[in-house]
Amino acid sequence: MPDPGLFAHEPARRPRRASRHRRTEAEPPVQMYLLALNPTDSVTEGFLPAARRLGLAVTVLTDQPAAHRAVTGRAYDGVEVLECPVRDFRAVVSRIAGHRRPDAVFSNSDHLQVQTALAAGYFGLPAKDWRAALRTKDKAEMRRRLAAADLPAGVPVRAAEVPAGHEPATVPELAEVPFPCVVKPREGVASEDVVLVTGRPELLARCAEIRSRRPDDALVVEEFLPGDLHTLETLGDGGTRRVLGGFRTQLSAPPYFIEERLTWDTGRPESVVAQVLAQLDALGVGFGACHTEFVLAGGRARLVEVNYRAIGDQCDLLMADLLAVPLFELILRVHLGEPLPPDPWPEPARAGCLAYPYARTAGTLSAAPEPEDLDVGGVRLAYRPLRAVGSRQPVHHTNRDLLGVVRATGPGQPAVDRAVDAFVASRTWEITA
C-alpha cells in the first residue's frame, strides 16, 4: 500500500504559481473555478467531494446552472453555481475577473479543455498547454501532428478531413484512405456519429446522414484500425508524468462503437506503454489527467483518440478504488500547482471491471433495477442507473444509449466477471414501444 502520509487529506497548500498573491490567515480559502456543461458523475461523485476534503472554495461556471442546482445529495453543498457561456474563453475570463481571484481553473469536460487552459493561463495559474488541448480535441489536427512527428514505432493513420460545408467527393485526400474506414465528427465525443463503412457509396451516404444532424461540423474519415482496444490513464504535474493504469475495452458489433465493458488491464507491456507515451509527447500532453484510447495489434500501439481529462463513465471512480489513493484530490492538487507525490504507487492487487447495459431499441424505459451495493463472495459490486424508469429512450448507437453502470472490484478477474455477469443476467431492463 502507498504511504498514507503522501496522500493525507490535509487542506490544500497555496498554489506555487499563485504564491505572489500573499494572504493572511483571515483571508478566504483557496478558490477553484470548475468549468462544466451538464453534471457528470466525475464531478458530482469525484471532483466536488475531493474539493470539499481539500478545503477549497468552489465556484462552478456553467451554461446549464439549473441542471447543476437540481442535483440531489451533498455534492453541491457549499458550492457556488454561476451561469456563464463556458464555451467562450473570453466570457470565462471576464466572469472570473469580475468575481473572486482564482487559485485554480479546472474542467473535466472534453469540450472545455482549450477554454480552461486559456483562462488559467490568463491568470498565471497552472494550466495545460492550450495548443495540446486543441490538438487532442481536433481529431484531424491530432492525425496531422502525429504523422509529422515521424515516430520510430508508429505508423501514421491514414486520414482525411471533410471541412464543414464541403462535400466528401470534393476532398481528394479521401482517395488515400482505404476501406473499411471510420467516419466521425472532427470534435465529437461518446462515440456519437462514429460509424464503420465498407465502400464509397456507403461512405457518401453516412457523411450525408451525419451532416443532416450536424451541418456545421467538420468530419474525419480515417482507416479502420483492427486489433484490441485499450486505454492508458496518465497524470502529470508538468514535470513528472505517472501512468495510473488502463482498461481493455469490449465494443459492440460493427458498424457502431458502443463501449459494453471495460476491464482493468494488468498486462501492459512496457514497450507498448512507451509507444503511447511517445505519441502523447508528440501532441504536447503532459499536465493533468489524460485518457488515451489506442488499438494494439502486432505489438504496435496506434492512437484512436486522446481525451485530455480523466476517464469518465464511472471508470475514474473504479480506478480510484483500485489504486487506493485519493485520485481526484491528486488531479486537483496539480492544478493548484502542487507536485505529484515522489513515490509511485504499486499495481493494484485487486481486479475490476465495469459493464454497461444499454438500449438496443427505442421506446420508454418501463422497468430497470434500483441502485444497489452488494458484496458477492469478496467482490464489491455497485449498480447505478443512468436513466429513470418512465423516460423516453431513443437509440443513438453511442454511449448515450447506456441505461446503467455495473462497477465491481474483487480479488481476481474471474470472480469479478462472474459477479458482474450474474448481476446483469438476474436483472431486467425493459423498453416498450
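# Charges, rings and a covered strand

The charged end of Arg-360 sits over the ring of Tyr-358, at 3.8 Å from the ring's centre. Hi everyone, let me start with that contact. There is a second one of its kind to show you: Lys-128 lies over the face of Tyr-308, and here the distance to the ring centre is 4.3 Å. Before I go on, please keep in mind that this is a predicted model.

Let's turn to the rings themselves. How many aromatic pairs does a search of the whole structure find? The search gives six. Tyr-383 belongs to strand S18, residues 379–385, while Phe-423 belongs to helix H11, residues 413–426, so the pair ties together parts that are 40 residues apart in sequence. Both Tyr-383 and Phe-423 are buried.

Now the other partner, Trp-429. The centres of the Tyr-383 and Trp-429 rings lie 5.8 Å apart with their planes at 65°, and because an angle over 60 degrees counts as edge-to-face, that is the label for this pair. Again the pair links distant parts of the chain: Tyr-383 is in strand S18, and Trp-429 is in the loop between H11 and strand S21 (430–432), 46 residues apart. Are these two buried or exposed? Tyr-383 has a relative accessibility of 0%, so it counts as buried. Trp-429 is at 18%, and since the cut-off for buried is under 20%, Trp-429 is buried as well.

Elsewhere, Phe-47, Phe-106 and Phe-328 form one aromatic cluster.

On to the salt bridges. A search of the whole structure finds 31 of them, and I've picked a few to walk through. One is between Asp-129 and Arg-131, where the closest N and O atoms are 3.0 Å apart. Asp-129 has a relative accessible area of 28%, which makes it partly exposed. Arg-131, at 44%, is partly exposed too.

Another joins the side chains of Arg-158 and Glu-223, at 3.3 Å from N to O. This pair links distant parts of the chain, 65 residues apart: Arg-158 sits in the loop between helix H6 (139–149) and strand S5 (159–162), and Glu-223 sits in strand S8, residues 219–223. What about their surroundings? Arg-158 is partly exposed at 44% relative accessibility, whereas Glu-223 is buried, with a relative accessible area of 8%.

How many of the five residues of S6 are buried? Five of the five are. In a regular strand, side chains alternate between the two faces of the sheet. In S6, Cys-181, Val-183 and Pro-185 point one way, Val-182 and Lys-184 point the other way, and all are buried.

Which strands does S6 pair with? One is S7, residues 195–197, in the antiparallel sense over three bridges, with Val-183 partnered by Val-195. Another is S8, also antiparallel, over five bridges. In S8, Glu-223 stands opposite Cys-181.

To finish, a helix. H4, residues 113–122, is mostly covered, with seven of its ten residues buried. Those buried residues are Gln-113, Val-114, Gln-115, Thr-116, Ala-117, Ala-119 and Ala-120. What covers them? The cover includes strand S1 (31–36), helix H3 (89–97), strand S4 (104–107) and helix H5 (130–137). Just after H4, Gly-124 takes a positive phi of about 70°.

Conventions. Residues are numbered from 1 along each chain as its sequence is written. This is a predicted model: local features need pLDDT of at least 70, side-chain atom pairs count only at pLDDT 80 or more; totals for chains, interfaces and linings use all residues. Side-chain values use heavy atoms; hydrogens and water are left out. A salt bridge is a side-chain nitrogen of Lys or Arg within 4 Å of a carboxyl oxygen of Asp or Glu. Buried means under 20% relative accessible area, exposed over 50%, partly exposed in between (1.4 Å probe, protein chains only). Helices (H or I, at least four residues) and strands (E, at least two) are DSSP runs, numbered from the N terminus. Two strands pair if DSSP finds at least two bridges between them. Rings of Phe, Tyr and Trp (its six-membered ring) pair if their centres lie within 6.5 Å; planes under 30 degrees apart count as stacked, over 60 as edge-to-face and the rest as tilted. A charge sits over a ring if NZ of Lys or CZ of Arg is within 6 Å of the ring centre and within 35 degrees of the ring normal. Contact means heavy atoms within 4.5 Å.
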